[in-house]
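Look at the structure below and follow it from the place where the chains meet to the inside of each chain.

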Number of protein chains: 2
Amino acid sequence: MSNTASQKIAAFAANTKWEDIPVDVRHQAKRSLLNYFATAIAGSTEPAMDTSLAVLAPFSGAAVCKLIGRSERVDMPLAAYLNAISANIFDYDDTHQATVIHPTAPIAPALFAQAEIQRCEGKLLLKAFVLGGEIECRIGNAVSPSHYARGWHITSTCGVFGAAMGIGTLLGLNEEQQLWSIGNAAAQASGLVETLGTMSKSISVGNAARNGILSALLAKQGFSGPADPLAGERGFVRVFSDQPSSNRLTDGLGENWEIAKNTYKPYPTGIVLHPVIEGCIRLHQDTGLRSEDVVTVELTGHPLLRERTDRPNVTTGRLSQVSAQHTIAIALRRGRAGLLEFNDDAVAETQRDKIRPEVTFIDDPSRAIEAVHMRVHTHQGQTQEIEIAAAKGGPGNPMTDAELEEKLAELASYRGFNRDVRAIADAIWSLDGTSDAAEVMGFANMPD
Amino acid sequence: MSNTASQKIAAFAANTKWEDIPVDVRHQAKRSLLNYFATAIAGSTEPAMDTSLAVLAPFSGAAVCKLIGRSERVDMPLAAYLNAISANIFDYDDTHQATVIHPTAPIAPALFAQAEIQRCEGKLLLKAFVLGGEIECRIGNAVSPSHYARGWHITSTCGVFGAAMGIGTLLGLNEEQQLWSIGNAAAQASGLVETLGTMSKSISVGNAARNGILSALLAKQGFSGPADPLAGERGFVRVFSDQPSSNRLTDGLGENWEIAKNTYKPYPTGIVLHPVIEGCIRLHQDTGLRSEDVVTVELTGHPLLRERTDRPNVTTGRLSQVSAQHTIAIALRRGRAGLLEFNDDAVAETQRDKIRPEVTFIDDPSRAIEAVHMRVHTHQGQTQEIEIAAAKGGPGNPMTDAELEEKLAELASYRGFNRDVRAIADAIWSLDGTSDAAEVMGFANMPD
């Protein structure tokens, strides 16, 4: 084979050994998987899941794979599809901040479903996750930022490659087969930003997981594709980006690990609101400030804070996740900001009680997205100020392992998932020592 | 509902009656379906089909739907997926010339599969085909020509909407449900030109049929999408076209019928070669000219003829379909140009026997694509000339109904399909009179 970018990627996927993966990257993979089980449990009984299962189950083969947070079983690709929807439905899953890809939702469900029908070691699954995630994020880098900005849902469009490469690793595909798998995935890359906030979004996320699996299974049986589906003349990168940078596919491959930059959300909102939430919770705890005391709030932050979150009149839980006005009101009232603070009831509450403050945004492009300065003026004529330099969850202040475990427990509680989530966390932290990577699925579903 | 372009399309799909469809459009639909069965039989045993079936059958639900040209049965969405691959695999299916969409391959397999599990009248299936095809071609118009030129496989990307709208018609979806179905389809639009000539292409064509079905089934159960998935700010048309013309979605909707412009290929090559083939066959028949007599050929034609087909050294059957040099050699030798003239053996023959002529291309942008002037110089010092003004199959010289029947018989013979294809043709011509639209599938599969 000549040396196209796609062939280099295929060779990387086919030839990287467990020993080639640095220890910190392996640990980040476990953190991603723990966060995955947390958000998948949280989303597992949403209406979009119930409807998807009802519509698609009649077209399932042998029902041998488990669904996180549920008791039903379905065939392998459908299990991957449905678990991917659960994990991503609240956008509370992980974030590769440079691309805004949620890396894990398309990959992990595919890997655990395959591991349920093809017993494999935990090390192999972890390696498959790292390689799939690495390639997914690098493809995202090569098409960013114009790809998402133009309107492609990057988690879906790039996720199908991650799932394909990960499953190809579990299947032991050789370089040529991995190349074909990339081509098969390229033929299926889809997903539109326009669908965000609607059920339709979930289809493309589910497809990324399912179709990645099929890309690899077909490639294993000789289903062949083009020589350079990624960087070819009409390959994925040029077609799906207005400013393609194909060199980012392979520069530093195996040395600089994109998947190690993965981050996790402590709050179920747009990332730009995280420092605001932290400021509100601290003021609530430290000064006793409450929403009903507040008249106006000045936020000095990155311009994206204003662009994305100046939404004083939101009426749905979904949109409240990107409303500074609702977020400040509910966080200052309750001193917390979990899923219960961003559902339709919470939105109705801040509207009904007229506790959403008037917010003034002051743009400061020199600030990081994870930072904010808040100045709060009260009815009593007082002014409270707080500076958040690096909100929890961002690259400068990552969630700790213990905090990820707490997130798992909190989301299980939110969902009413009454099994012992400690078993899930233990299984993930010791995944590299197990001979049956899929064992954790038996702790994460619901018994019949 | 307000009046977005998508809502107008949804209303058109939900409210158009059989009586609203002109008689000539109904007849064109039958012609499209007859051509569909012909090309699906031809492709039904290709390696890509065997592999797809082997890989995907384990993930099939109840095996209740038939495969054209084969004896296996699979579930409804998988039957649609596989029959779509058969129909399109040789690119010998129909063409909407303004967009180069092959309209029928994604839609007809979906409709007949659904008709096998939900008995319906032939009139309803014909209406569903017309509406699906009309919307598919109009979406193609709105993103053309930059969409295909940039690298999207338009048959796949637009086909998923056609299948969704057609299935929505069979299911009786209301306006709101049809709108959601459009959104669900938009989330799944995929397919790359880069994959043409490889097996990967077939995945996106199959997906268009399968995912269109699921878009409609999900919408029927309330799976909701955005308000304007087609012409919205980050809707399909703007994201998938560099020069979007959303007005083409709805201008003259229900008055000017795009699907009535469908054309059918008499030869399995790029359309630009059709007049060349006709010239060669006439010279073979009328003057006794043979390949071994020919030294050089001058072709005066549309510039696309040169741009697409100047390939003197092709070595695969697939690429021979876009090689003027091979095409002239084999057509002048055999006096015919069917699938047997464009397989690997035929390519090896024209190369081994050194009968590919030297070809000079003379660009004449004023000529139609379906026209050519040929001047042939022989070893004997003679010159033969022929003018083809409108090759068979183009808009100016459409294949007759009888010629479509001959194509069906010829492709069945090529495939070794030994059932009576007369029954298929009769069933299609009388489709608007039958109470069971799927009856024809019983004539087109192979008994166990």
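The two copies in this predicted model meet through the same surface, because 100% of the interface residues of chain B are also interface residues in chain A. The contact is made by 48 residues from chain B and 48 residues from chain A. On the side of chain B that touches chain A, the elements giving two or more residues are α3 (47-56), α4 (76-88), α9 (175-186), α10 (200-220) and α11 of chain B. Of these, α10(B) supplies the largest share, with 7 residues. Sorted by class, this side of chain B holds 22 nonpolar, 20 polar and 6 charged residues.

How are the copies placed relative to each other? In general, two copies of a chain are related by a rotation about an axis and a shift along it. For the complex, the predictor gives an ipTM of 0.95 and a pTM of 0.96.

Helix α11 of chain B, one of the elements on the contact side, spans residues 236-239 and includes B:V237. Is B:V237 buried or exposed? B:V237 counts as buried because 23 C-beta neighbours lie inside 10 Å, and the cut-off for a buried residue is 20 or more. Leaving aside residues up to four places away in sequence, B:V237 touches B:A142, B:V143, B:L230, B:A231, B:P244 and B:S246. Between the C-alpha atoms of B:V237 and B:L249, which are 12 residues apart along the chain, the separation is 9.5 Å.

The next topic is the nonpolar core. The largest one has 298 residues, and the members that touch the most other members are A:F37, A:L111, B:F37 and B:L111. For B:F37, the contacts beyond four places in sequence are B:I68, B:L408, B:I424 and B:A444.

Chain A can also be read by its domains. Domain 1 covers 5-264 + 401-444, and domain 2 covers 271-388. Taken over C-alpha atoms, the centres of domain 1 of chain A and domain 2 of chain A are 33 Å apart. Contact between them involves 6 residues of domain 1 of chain A and 6 residues of domain 2 of chain A. On the domain 1 side, these divide into 3 nonpolar, 2 polar and 1 charged residues. The average pLDDT of chain A is 96, and 100% of the residues score at least 70.

Note on methods
Residues numbered from 1 in each chain as written. Chains lettered and ligands numbered in written order. Predicted model: local features only at pLDDT ≥ 70, side-chain atom pairs only at ≥ 80, totals over all residues. Helix = DSSP H or I, 4+ residues; strand = E, 2+ residues; numbered from the N terminus. Buried ≥ 20, exposed ≤ 12 C-beta atoms within 10 Å, placed from the backbone. Contact = placed C-beta atoms within 7 Å. Domains from an automatic or database assignment. Nonpolar A, V, L, I, M, F, W, Y, C, P; charged D, E, K, R; others polar. pLDDT = per-residue confidence, 0-100. Core = buried A, V, L, I, M, F, W, Y, C linked by C-beta atoms within 7 Å.
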